[in-house]
Amino acid sequence: LYDEMLARIKEDDQTVPYRRGGHFYYSRTEKGKQYPIYCRRAGSLDAPEEVTLDLNVLAEGRPFLALGAAAVSDDGHRLAYTIDFTGFREFTLHVKDLRTGALEPDRIEKVVSVAWAADGATLFYVTEDAAKRPYRLYRHRLGQAVDDLVYEEQDALFHLTVERTRSLRFLFALSASFTTTEVRYLPAGEPTAAWLTLLPRETGHEYHVDHGGDLFYIRTNGGGRRNFRLVTAPVSDPRADAWREVIAHRDDVMLEDVEVFAGHYVVHERREGLVGLRVTALADGASHDVQFPEPTYDVAPEANVEFSAGGYRFSYQSLVTPPSVFDYDTVTRERVLLKQTEVLGGYDPARYRTERVHATAPDGTRIPLS
């Protein structure tokens with residue numbers, strides 16, 4: 001069985017490089033090695049390879065290794081990452097100087113999520129309690145012995161996470177239960193300033209926030225709109241009274257995600273069980289749906305980290321099409337295939353077909369079948 005499974009796997013492989021700042025980042029695997037090797041190239045894909053993290057080296061002499069969070073500072077000089085050697089999801093935060101390859105003395109236990117401030121010397125991270133619930137947000141200055149507790153989530157139903165916006169302008173701290181959320185925000189260039197609450201939590205209200213220009217883009221199910229709608233709010237005054245509706249609630253369409261860029265935003269919409277992508281230009285508000293070639297498929301975002309990007313990268317697969325990574329030009333609507341996972345063993349997609357049909361339930365509901 002092992003030999004049969006291994007024969008279907010392409011061991012020497014590489015992910016599609018993506019640009020962040022002045023570098024192209026990617027990971028690759030080598031035959032006979034269990035873990036990926038994380039790399040980057042400065043300026044162009046022809047530049048010399050720089051290994052940022054080789055998990056095989058870190059795993060030497062250990063029975064287990066898992067990489068958790070990973071974040072590069074804005075200047076590209078440092079990598080903050082978390083590693084678990086136990087198998088119990090007990091991640092320890094380390095900081096690596098990518099210029100020298102040396103580890104900084106900073107070491108923090110039980111870290112779940114991490115994000116850099118704009119200065120490249122301040123980290124915000126979330127730790128977990130004895131029940132493995134992420135609940136405390138700290139501010140850490142490199143070399144600092146005692147960290148500042150910024151916020152503690154005391155409600156046992158809520159988990160806490162911290163992240164940086166694609167625009168790099170803000171940090172978000174999200175408190176979330178299964179039915180309720182609350183977002184705090186901080187300008188990334190002001191790490192010592194006070195965090196502000198965007199909208200106080202209200203039982204049953206979920207909202208998720210992205211940023212672009214002078215606006216917060218908020219996906220919200222408040223007011224009983226269970227399929228969510230999209231609103232914007234001024235960064236200077238994000239109170240609910242200042243919200244402006246961009247996409248109204250629809251009974252037959254679930255608004256699943258919103259990704260904001262400098263010149264456009266992309267929404268993920270689920271209609272009759274099938275996810276689609278809709279692109280809207282910020283300049284004139286014109287929208288269009290991304291077209292896909294098969295009647296049933298799965299689509300998901302890839303690494304879209306550059307706020308100024310004019311395109312959108314996504315992964316696509318179906319019952320007969322292997323996982324494929326595309327770059328989509330949001331203006332010309334051209335789709336470029338960057339990589340398709342190789343299926344070893346003589347697979348021929350022309351010998352198969354995929355269909356999408358519906359069955360009618362006793363109550364009249366149409367159930368999609370792939």
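This report covers aromatic contacts, charges over rings and a nonpolar surface patch in a predicted model.

**Aromatic pairs**

The structure holds 16 aromatic pairs. A pair of aromatic rings is described by the distance of the centres and the angle of the planes. In the pair of F292 and Y297, the ring centres lie 4.7 Å apart and the planes meet at 45°, so this pair is tilted. F292 also pairs with F314: here the centres are 5.6 Å apart and the planes stand at 85°, so the geometry is edge-to-face. F292 sits in the loop between β25 (287-289) and β26 (298-301), while F314 belongs to strand β27 (residues 311-317). The pair therefore ties together parts that are 22 residues apart in sequence.

How buried are these rings? F292 counts as buried, at 15% relative accessibility. Y297 is buried, with a relative accessible area of 15%. F314 is buried at 1%. Ring pairs join F292, Y297, F314, Y316 and F326 into a cluster.

**Charges over rings**

**Surface patch**

Which residues make the nonpolar surface patch of about 230 Å²? V357, I367 and L369 do. L369 lies in strand β31, which spans residues 366-369. Its relative accessible area is 41%, so L369 is partly exposed. Patch residues need over 30% relative accessible area, and L369 has 41%.

Note on methods. Residues are numbered from 1 along each chain as its sequence is written. This is a predicted model: local features need pLDDT of at least 70, side-chain atom pairs count only at pLDDT 80 or more; totals for chains, interfaces and linings use all residues. Side-chain values use heavy atoms; hydrogens and water are left out. Patches are made of residues with over 30% relative accessible area and no salt bridge: like charges are joined within 9 Å, nonpolar side chains (Val, Leu, Ile, Met, Phe, Trp, Tyr) within 5 Å. Accessible areas come from the Shrake-Rupley method with a 1.4 Å probe; for residues, only the protein chains shown count as cover. A salt bridge is a side-chain nitrogen of Lys or Arg within 4 Å of a carboxyl oxygen of Asp or Glu. Helices (H or I, at least four residues) and strands (E, at least two) are DSSP runs, numbered from the N terminus. Buried means under 20% relative accessible area, exposed over 50%, partly exposed in between (1.4 Å probe, protein chains only). Rings of Phe, Tyr and Trp (its six-membered ring) pair if their centres lie within 6.5 Å; planes under 30 degrees apart count as stacked, over 60 as edge-to-face and the rest as tilted.
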